[in-house]
Amino acid sequence: MVEKILKLLQEEYPEIDFQASDELVDDGILDSLTLTGIIAVLTIEFGITIPYEEIIEENFNSIASMAKMVERLS
């Protein structure tokens, strides 16, 4: 799951190094507009709905945390 999400996001956002940090949101690497796009990509690709309460920094700070969230919501 981690590799699949990493590949998807690298294709969508080639200018972002998703492996540069385990604090992508906290370090300011991902902004609100990018997060909105990531939510759309994950929703479409995995056929999930990401509820408002799941849109927290901890779920988007790393590819691993995004993968855990997607698995939990699948």
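## A tour by selection

Begin by selecting P51, which is placed in the loop between α2 and α3. The model is a predicted one. P51 has a relative accessible area of 26% and is therefore partly exposed, since the partly exposed class begins where the buried class, under 20%, ends. S74 is 23 residues from P51 along the chain, and the two C-alpha atoms are separated by 12 Å.

Is E54 buried or exposed? With a relative accessible area of 17%, E54 is buried, because the limit for that class is under 20%. Display the side chains of E54 and R72: a polar contact of 2.5 Å joins them. Then show the surroundings of E54. Residues up to four places away in sequence not being counted, E54 touches N59, F60, M69, R72 and L73.

**S62, in the loop between α3 and α4**

Select S62, located in the loop that runs between α3 and α4. Its relative accessibility is 11%, so S62 counts as buried. When neighbours within four places in sequence are left aside, S62 is in contact with D22 and L24.

**Helix α4**

Now select residues 63–73, which form helix α4. Which residues of this helix are buried? They are I63, S65, M66, A67, M69 and V70. To see what surrounds them, colour α1 (2–12), α2 (32–46) and α3 (57–60), the helices against which the buried residues of α4 pack.

**The pairing of α1 and α4**

Two packed helices are described by the angle between their axes and the distance between the axes. Hide everything except α1 and α4. These helices pack at an angle of about 115°, and their axes are 9 Å apart. At that angle, α1 and α4 are therefore roughly perpendicular to each other. Their crossing is right-handed. To inspect the contact, show the side chains of V2, I5, L6 and L9 in α1, which meet I63, A64, M66, A67 and V70 in α4. Sorted by class, this contact of α1 with α4 comprises 9 nonpolar, no polar and no charged residues.

**L9, within α1**

Centre the view on L9, a residue of helix α1. L9 has 0% relative accessibility and so counts as buried. Leaving out residues up to four places away in sequence, L9 touches F18, I38, V41, I63 and M66.

**The pairing of α1 and α2**

For the last stop, keep α1 in view and display α2. How are these two helices oriented to each other? They pack at an angle of about 125°, with 11 Å between their axes, and α1 and α2 are therefore oblique to each other. The crossing of α1 and α2 is right-handed. In α1, select K4, I5, L8, L9 and E12; these meet I38, V41, L42, E45 and F46 in α2. By class, the contact of α1 with α2 consists of 7 nonpolar, no polar and 3 charged residues.

Methods: Residues numbered from 1 in each chain as written. Predicted model: local features only at pLDDT ≥ 70, side-chain atom pairs only at ≥ 80, totals over all residues. Heavy atoms only, no water. Buried < 20%, exposed > 50% of the residue type's maximum accessible area, 1.4 Å probe, protein only. Helix = DSSP H or I, 4+ residues; strand = E, 2+ residues; numbered from the N terminus. Contact = heavy atoms within 4.5 Å. Axes fitted to C-alpha atoms, helices over the stretch in contact; angles between N-to-C directions. Parallel < 35°, antiparallel > 145°, perpendicular 65-115°, else oblique. Left-handed = near helix turned anticlockwise from the far one by under 90°. Nonpolar A, V, L, I, M, F, W, Y, C, P; charged D, E, K, R; others polar. Polar contact = N/O pair within 3.5 Å; in protein donor to acceptor, adjacent residues only side chain to side chain.
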